[in-house]
Amino acid sequence: MNYINSDLKVVGTRPIRPDGVEKVTGRALYSADTRVAGMLWGKILRSPHAHARIVSIDTSKAEALKGVHAVVTSKDFPAIKSEEAFVGEGPMNFRDLSDNIMARNKALYEGHAVAAVAATTPAIADEAMALIDVTYEVLPHVIDVDDAMKADAPVLHADMFTAGVNPKPATASNIAKVVTFKKGDIDAGFADAEVIFEGSYTTKPVHQGYIEPHACLATYNPDGQISIHASSQGHFMIRAYTAKLLGLDMADIRVNPAEIGGGFGGKTLIYLEPVAVALSRKSGKSVKMQMTREEVFRGSGPTSGASVSVKLGAKKDGTIVAAQQVLKFQAGAYAGSPIGPGCMCGFALYDIPNIDVLGYDVVSNRPKVAAYRAPGAPISSFAVECAVDDLARKLGMDPLTLREKNAAVNGTKTHYGPTHTNIGYTQVLEAAKAHPHWKAPVAEGHGRGLAAGFWFNIGGESSATVHINEDGTVMVATGSPDIGGSRASMGMMAAEVLGIPVAKVKAIVADTASIGFTFLTGGSRVTFATGMAVTQATEKVVDQLKARAAQTWDIPVDAVEWKDGKAFPAGTNAGAFEPLDLAAIALKQGRTGGPINAEVSVNAQGAGAGFGAHICDVKVDKETGHVEIVRYTAIQDVGKAIHPSYVEGQIQGGAAQGIGWALSEEYIYNDKGQMENPGFLDYRCPVASDLPMIEAVLVEVPNPRHPFGARGVGEVPIIPPMAAISNAIKSAVGVRMEHLPMSPPKVRAALDAAG
Amino acid sequence: MPKVVLSSGSASLGLTGGVTEFEVEATSFRRLILELEKRFPGLGNQVEESMAVAIDGEIYQDAYAAELRPGSEIVLIPKIGGG
Amino acid sequence: MAKQHVTATINGEAAEFLCETQQTMLDVLRDVVGLTGAKEGCASGDCGACSILVDGTLVCSCLMLGVEAEGTSITTIEGIAQGDHLHPIQQKFLEHAALQCGFCTPGLIVATKALLDENPNPTETEARYWLAGNLCRCTGYDKVIRAVMDAAAVMRGETV
């Protein structure tokens, strides 16, 4: 059923989330908040070297230390054969995932796990780690993507022969894969162009920066039953990957989802759980593990750093006729950067007849990259949106007008193949043009920038159960960890379908033993896919409620209708019966057939793509190079905002992360390939005093594939900020910042160079 | 017979010898995979594991039943994830 | 080495605990006393997720030793609500949807209490600078600041 044009009573309102009180009182239990009596503390020993052969590991002294109950190395994990998969929302090989959580032959990055201990106190665990003797043969390392592609670069994997090249190369390199996307005839396009702009851009690796470090509590029982308590973006993924990496049956592993303190894509992989289970198995006790902030930076997957070049060709009237892009992404220690989406997203916003995109997936000695909000797209759009802006300048055109003129619309064929359908980009640009921010005069000394972004959003597998309690109140259970308030939206959709107040509906996140398989929380999929499962399950429950009323009244079921939380006889012919509400029907549930509930599992398809446009005003301090964000507006098509506050929250949060990526965040490496700023002091995320209010404007172009018209919203907002800010800086002081982050020393240097 | 386009952004080109457009007797994604595997051994599996299919612009991932109609635009693209 | 015996007041109740000399107050709260509302985000005083009040002063509990609590009055997030009555700050955080994952929320609420105890009528800028020690990665701070300003107005009796 489709509620897109209905009069909605609950969906679209802003109730207080069901898990809110426990979060503001400190009662909510996150990954590290649970303890069991007699548990051990597990810690991981990590490589100090960016690239080294592990010659030997001697754990005997550590094992002998009083208070140490188990020590594990890669010997305690089965050898996993090469198996390509889609892991943690990106391509990865299970063999690589196994190697990542515990190095086998080589340490491939500073922070790579080489051993782990479990001891009665954290202090003893630390002492034990110091007693583990690892002999390394230090090898030359390489970090930067351009360096890693050079012919003389140290090679990480002797069996890496670039895929996607014909013929296959004979020598191993760090280039895992090459991808290309073409549309039309790029050479003819440039020949036809009257104005050309070319730019080269670089971005540094940045971390998702979730405030909650990875943590878990694992118990291996003597009968082989395992329980894991951990936060994640997908407890079913924890179960699956733990089973895979340890060679166990999934039914023997039960994962209980703790509340999660941020993920943004970084918690779609696993790092600790299989290690904790291995330690628990060896010691016979529960093992708790918790990464320090330093470990999160050194040992968990951030994004790619990248090099991107863009060339655009246009007619004098602003019609873009040719667009070319070359992207080189760091994958980290193993293949699998988001180069595919990076290649697809940059030009997806434009209707250009001739496009040529070339992308490289390149390994280097840093942690394997993990997904980070619209993986690949922010980097790609940084380059494209800066180039489009400079093209506008060359053409003497307003940047919004240039985008409008070349905007992708329904029917635009993308360069990666599919034709856009049911998109809302022009509506977003119209909303930007009409917005007071765009119309306001730019203050003296300030500069204004505009940039846009696109993300596919995904659907996928979700399960949901809806139960009617014996008193007529309602339980909704799903398998989607709640990162941003999704429980509220699930309850709201169920309440809407039932026609009851949302206060009568309780939404929970069920563990892996209590609900059907559900793919992870990410890809902006939960409101779409899990919402679809919840809606369908609720509709099935409504069918049952009608059937129970029919039985109670002894009339045919098609003579019953459901409205506003009650069963009514459909018309006077059906009989003059008083309506029956949920409580009345539930009271008699046994007599009418038993408990009333439904479970639905879907593999949701047709997730609506999202577009965003951001407007940013900055003020540049010419003396210090500091860039102040003076005003920020983020406009996005959200399909239908189920709970507008949480939709706004996603947009504001994504924009803030993009602002950090633009202005201050980066991994700083020394010449040994070690990260020099693995802490929040020197890895500078935006703080409250760095930002103004962020106005989120919700444009609702419904996605017909979702019962309420919702589109995914969480990822799009991180895409436009970097270019919006670079464009604003250019407007303010006339210099183009092409290298991220646009931190004060870099801006100052650019101002100096400009004279 | 529906016409299927293999987006050039995949490493599958090696398996097809550079061919990117096929006519395939298939009305579902599942049938398509089986037909491609017959025609280019290894391609069907690769498509199943690492690609999504965009049908008239809508993206389907891991959906055997996705319907392929003769007039539809059918493009195979790399799988999409998210963060 | 024998543990240290510490006596303090925690959230208005007399408390005593044993801890090791090197244990931080954060570790003591979480692992000894059992109050897990204060969170470890960085253990180096940079994120504010572990914020508590010590004799009314805002402190990162990860930068304080458990033994330093001797004779002090400690307030944690668990002590902000009055029985089953949420504090206006907590209520406004909920109404404004000023939390998404909620991990930084305890620290932010405690820090906000310290702000409004000292300055009941802060400007938006003053609030932002005071709270600059509390990192939030989810919200972009917009709704947080709105909640803080609204809570301040409630506490001044200007609104409900």
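Two strands count as paired here if DSSP finds at least two bridges between them. With that in hand, open the model, which is a predicted one, and start inside chain A.

**Stop 1: a strand pair in chain A**

Select residues 40–46 and 287–290 of chain A. These are strands β1(A) and β14(A), and they pair in the parallel sense over 3 bridges.

**Stop 2**

**Stop 2: Phe264(A)**

Between β13 and α8 of chain A runs a loop, and Phe264(A) sits in it. Its phi is near 60°, a positive value in a residue other than glycine. Is Phe264(A) buried or exposed? Phe264(A) has 29 other C-beta atoms within 10 Å and is therefore buried, the cut-off for that class being 20 or more.

**Stop 3: two crossing helices**

Select residues 94–101 and 235–246 of chain A, which are helices α3(A) and α7(A). At what angle do α3(A) and α7(A) pack? The angle is about 85°, and the axes are 10 Å apart. The two helices are therefore roughly perpendicular to each other, since angles of 65 to 115 degrees fall in that class.

Show side chains for the contact. From α3(A) come Phe94(A), Leu97(A), Ser98(A) and Ile101(A), and they meet Tyr241(A), Lys244(A) and Leu245(A) of α7(A). By class this contact has 5 nonpolar residues, 1 polar and 1 charged.

**Stop 4: a cis peptide bond**

Go to Leu740(A) and Pro741(A). The peptide bond from the former to the latter is cis, with omega near -10°. Pro741(A) lies in the loop between α20(A), residues 721–733, and α21(A), residues 744–754.

**Stop 5: chain A as a whole**

Buried residues make up 62% of chain A. Among the contacts in chain A between residues at least 6 apart in sequence, 80% join residues at least 24 apart.

**Stop 6: chain C**

Switch to chain C, which has 5 helices and 5 strands. Along the sequence they follow the pattern β-β-α-β-β-β-α-α-α-α. With a radius of gyration of 16 Å, close to the 15 Å that the globule rule gives for 160 residues, chain C is as compact as a globular protein of that length. Its C-alpha atoms fill a box of roughly 50 × 30 × 25 Å along the principal axes. Of its residues, 59% count as buried.

Select Ala43(C), in the loop between α1(C), residues 25–33, and β3(C), residues 51–54. Ala43(C) has a positive phi of about 60° although it is not a glycine. With 20 other C-beta atoms within 10 Å, Ala43(C) is buried.

**Stop 7: where the chains meet**

Which chains share the most contacts? Of the 2 pairs of chains in contact, it is A and C. Their contact takes 41 residues from chain A and 43 residues from chain C. On the chain A side, α1(A), residues 20–24, and α19(A), residues 644–663, are the elements that give two or more residues. The largest share, 8 residues, comes from α19(A). This side of chain A has 20 nonpolar, 16 polar and 5 charged residues.

Next, bring up chain B. Here 40 residues of chain A are in contact with 29 residues of chain B. The elements of chain A that give two or more residues to this side are β4(A), β5(A), β9(A) and α10(A). Residues 175–183 form β9(A), which gives the largest share, 5 residues. By class, this side of chain A divides into 16 nonpolar, 17 polar and 7 charged residues.

Methods:
Residues numbered from 1 in each chain as written. Chains lettered and ligands numbered in written order. Predicted model: local features only at pLDDT ≥ 70, side-chain atom pairs only at ≥ 80, totals over all residues. Contact = placed C-beta atoms within 7 Å. Helix = DSSP H or I, 4+ residues; strand = E, 2+ residues; numbered from the N terminus. Nonpolar A, V, L, I, M, F, W, Y, C, P; charged D, E, K, R; others polar. Axes fitted to C-alpha atoms, helices over the stretch in contact; angles between N-to-C directions. Parallel < 35°, antiparallel > 145°, perpendicular 65-115°, else oblique. Buried ≥ 20, exposed ≤ 12 C-beta atoms within 10 Å, placed from the backbone. Rg over C-alpha atoms; globule rule 2.2 N^0.38 Å.
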